[in-house]
Amino acid sequence: MSTEIATLGEFGLIRHLTEGLENRQPSTRYGIGDDAAVIARSEGKQTLITTDLLLEGVHFDLTYVPLKHLGYKAAVVNFSDIYAMNGTPTQITVSLGVSKRFSVEDMEALYAGIRLACEEYEVDIVGGDTTSSMTGLTISITCLGEAEEGQIVYRNGAHETDLICVSGDLGAAYMGLQLLEREKMVMKDSDQSIQPDFTGREYLLERQLKPEARRDIIRQLAEEHVKPTAMMDISDGLSSEILHICTQSKVGCRLYEEHLPIDYQTAAMAEELNMNVSTCALNGGEDYELLFTVPLSAYDKVSQMDGVRTIGHITKAELGCALVTRDGQEFELKAQGWNPLQ
């Protein structure tokens, strides 16, 4: 039996969802329970702030996205933005727009995912807001982080001859989305008692439904005393992100198709769907891997790092941005990834 949210009211719901929260960050002086949270920062540290808005029907489909997974992902994608600045996420605020079709139990599931992500990444929930929605579920998360003043990495610092590196593998999240959308259409047109079979495709679903932020890569870079010259996370697709770096750094680039890291399940799914796997890796998006550039002198260190691949290099701006195919042809890179305003 489900409980109507109206029975608790706004503040009752917030108290219910945040009951038992413990602060882990020494900078969290006061969290939920007053008009504003109180955050302290030590000398030499800079505060980083990022925010992300997720709308039902635009960013997620509850036909196949479990609410707990959605909560986890909503938090993690914000953490990823902080890591992409070479920082550490410390606190978040969570604001929800909720329609009447959602129950208290639904919100418990969503918040369970958010809380799990915060426990995993040692981030405190320090506030937020709830309101009614006429258009389904809306999630807005603002994340605060911190970084040493001289260690913050921006998008505008790439230089000619820098190496272009990426963590993990690319295209798996997009293939997971294609798989879920395909099965949704099959279920719509068939007997509802038939359950989809995802055997052998578990990795693709995990990358789409429960991505992880690459805290481990940031730690490796720090351990090796390598500070990237430019960095961002891959949310809209590799091609879009490298073009952001090149535009803001006023440089060009060459990416090499043969060096794009692609998982076996991604390649197999692309073949099954008759899609070009390199195109999926370049334009798919939602990988939440880190794309960064380092000086040529750091090659030996980054080449030894777990989960890091060198995929190209930075060139002069007048040479443009191009993908070099396996047979040596060059094609201009275009931003064909996710566009939230289309």
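Analyst: Two strands pair if DSSP finds at least two bridges between them. The model discussed here is predicted.

User: Which residue in S11 does cysteine 165 stand opposite?
Analyst: S7 and S11, residues 308-315, pair in the antiparallel sense over five bridges. Within this pair, the residue opposite cysteine 165 is threonine 310.

User: In S10, what is the bridge partner of valine 166?
Analyst: Strand S10 covers residues 290-294 and pairs with S7 in the antiparallel sense, over four bridges. Isoleucine 164 stands opposite threonine 293 there. For valine 166, the bridge partner in S10 is leucine 291.

User: Are the two faces of S7 covered or open?
Analyst: In a regular strand, side chains alternate between the two faces of the sheet. On one side of S7 are Leu163, Cys165 and Ser167, and on the other are Ile164 and Val166. Buried means under 20% relative accessible area, and these residues are all buried. Both faces of S7 are therefore covered.

User: Which strands stand at the edges of the sheet?
Analyst: The open sheet has seven strands in the order S8-S10-S7-S11-S9-S12-S13, with mixed pairing. Two of them have a single partner strand each, so one side of each is left without a neighbour in the sheet. These edge strands are S8 (230-233) and S13 (330-332).

User: Which helix packs on the sheet, touching S7, S8, S10 and S11?
Analyst: The direction of this helix makes about 20° with that of S10. The helix spans residues 215-223 and is H6.

Definitions and conventions. Residues numbered from 1 in each chain as written. Predicted model: local features only at pLDDT ≥ 70, side-chain atom pairs only at ≥ 80, totals over all residues. Heavy atoms only, no water. Buried < 20%, exposed > 50% of the residue type's maximum accessible area, 1.4 Å probe, protein only. Contact = heavy atoms within 4.5 Å. Axes fitted to C-alpha atoms, helices over the stretch in contact; angles between N-to-C directions.
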